[in-house]
Amino acid sequence: MHPVAHPLFSLGIIIVAAGRGERLGAAKPKAFIEIAGASLLQHCATTVNTLKVSGQPAHGQLVLVVPEGQAPAAFDVAESLDRDRWQVTVVTGGRDRHESVRKGLGALGPSIDTVLVHDAARPLTPADVFERVVTAVHETGVGAVPGIRIVDSLKRVDADGTVIRSEDRDSLIRAQTPQGFSRRVLEEAHHSAALLASHPEVLTATDDAAVVQHFGGRVRWVEGSPLAHKVTEPDDVLLLAAMRTVSEQSS
Ligand code: C5P
């Protein structure tokens with residue numbers, strides 16, 4: 001059965017999971033290493049399955065963008081979704097994150113008009129962060145990025161280690177995912193970015209919000225979560241496992 005169209009919008013969620021995760025030094029691609037008995041990609045899918053929008057169980061299309069050769073493992077993850085609410089599509093990723101997002105966008109069905117892009121490398125991002133992002137996109141019509149405020153003092157340094165000056169941390173956030181946009185805006189920005197791909201000095205964007213803003217789109221921020229921490233180094237896996245235990249004990 002296909003998802004029932006929502007009267008106001010139709011949601012697509014792209015989970016980019018095609019990175020190799022070389023800094024982790026694991027035998028598998030990063031999205032398939034495990035925390036507490038489930039792969040990073042499985043944790044993300046489990047969260048998508050519990051999402052609510054306007055108090056109702058969410059539904060739409062979920063696109064899993066995975067490394068070459070990992071489609072069977074991704075289909076196993078797809079099996080865990082409520083297929084009455086989520087149409088799941090698996091595609092192979094690209095050489096960099098932007099290309100993987102473009103491939104995910106290319107797999108969306110024609111009815112999808114709102115898109116969230118999420119890093120599989122942020123496996124414990126709570127459902128309420130997804131929900132704040134979706135709500136913000138619908139209420140404001142512009143892009144939405146979750147972020148958390150910075151508690152450390154911030155210094156600008158130069159190449160030889162000299163501290164040049166302190167920066168105002170009150171006007172900065174650490175950006176996380178999922179980031180949400182109108183499909184049209186995100187597609188147009190990524191299409192334009194692809195044309196600039198051979199000029200990396202022009203487009204230094206490391207996330208979707210930066211791609212959208214580079215081409216004139218507006219983006220607002222909503223409260224993220226410490227649990228949306230990204231797995232990059234081996235210690236991040238230990239940190240997230242510990243954070244998960246603590247969050248389960250306190251809920
Ligand atoms: O490498 P990094 O952790 O910054 O990647 C962020 C996210 O983008 C990860 O979930 C990773 O799997 C994904 N990615 C991708 N395709 C690439 C590179 C990264 O889907 N070629």
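A residue is classed as exposed when its relative accessible area is over 50%, as buried when that area is under 20%, and as partly exposed in between, with a 1.4 Å probe and only the protein chains considered. The structure is a predicted model, in which local features need pLDDT of at least 70 and side-chain atom pairs count only at pLDDT 80 or more, whereas totals for chains, interfaces and linings use all residues. Residues are numbered from 1 along each chain as its sequence is written, and side-chain values use heavy atoms, with hydrogens and water left out.

The phi of Ala-36, a residue other than glycine, is positive, near 50 degrees. Ser-54, likewise not a glycine, has a positive phi of about 50 degrees. Ser-54 is situated in the loop between β4 (52-53) and β5 (56-57), and its relative accessible area of 67% makes it exposed. A further backbone feature is the cis peptide bond from Thr-177 to Pro-178, with omega near 10 degrees; Pro-178 belongs to the loop between β12 (173-175) and β13 (179-182). Most residues other than glycine have a negative phi, and most peptide bonds are trans.

The shell around the ligand holds 14 residues, of which Val-16, Ala-18, Lys-30, Ser-100 and Lys-230 come nearest; a residue is near a molecule if one of its heavy atoms lies within 4 Å of it. By residue type, the shell divides into five nonpolar, three polar and six charged residues. In this scheme Ala, Val, Leu, Ile, Met, Phe, Trp, Tyr, Cys and Pro are nonpolar, Asp, Glu, Lys and Arg are charged, and the others, Gly among them, are polar.

An oxygen atom of the ligand lies 2.9 Å from a backbone N or O atom of Gly-19, and a ligand oxygen atom is 3.2 Å from a backbone N or O atom of Ala-121. For Asp-96, a polar backbone atom is 3.4 Å from a nitrogen atom of the ligand. On its own the ligand has 450 Å² of accessible area, of which the protein covers 84%, as given by the Shrake-Rupley method with a 1.4 Å probe.

Polar side-chain contacts are represented by two pairs, a polar contact being a pair of N or O atoms within 3.5 Å; within protein, one must be able to donate a hydrogen and the other to accept it, and residues adjacent in sequence count only if both atoms are side-chain atoms. Thr-114, in strand β8 (residues 114-119), is buried because its relative accessible area is 4%. The side chains of Thr-114 and His-138 form a polar contact of 3.1 Å. Asp-160, by contrast, counts as exposed at 63% relative accessibility and is found in the loop between β10 (154-157) and β11 (163-167). Its side chain is joined to that of Thr-162 by a polar contact of 2.9 Å.

Definitions and conventions: Helices (H or I, at least four residues) and strands (E, at least two) are DSSP runs, numbered from the N terminus.
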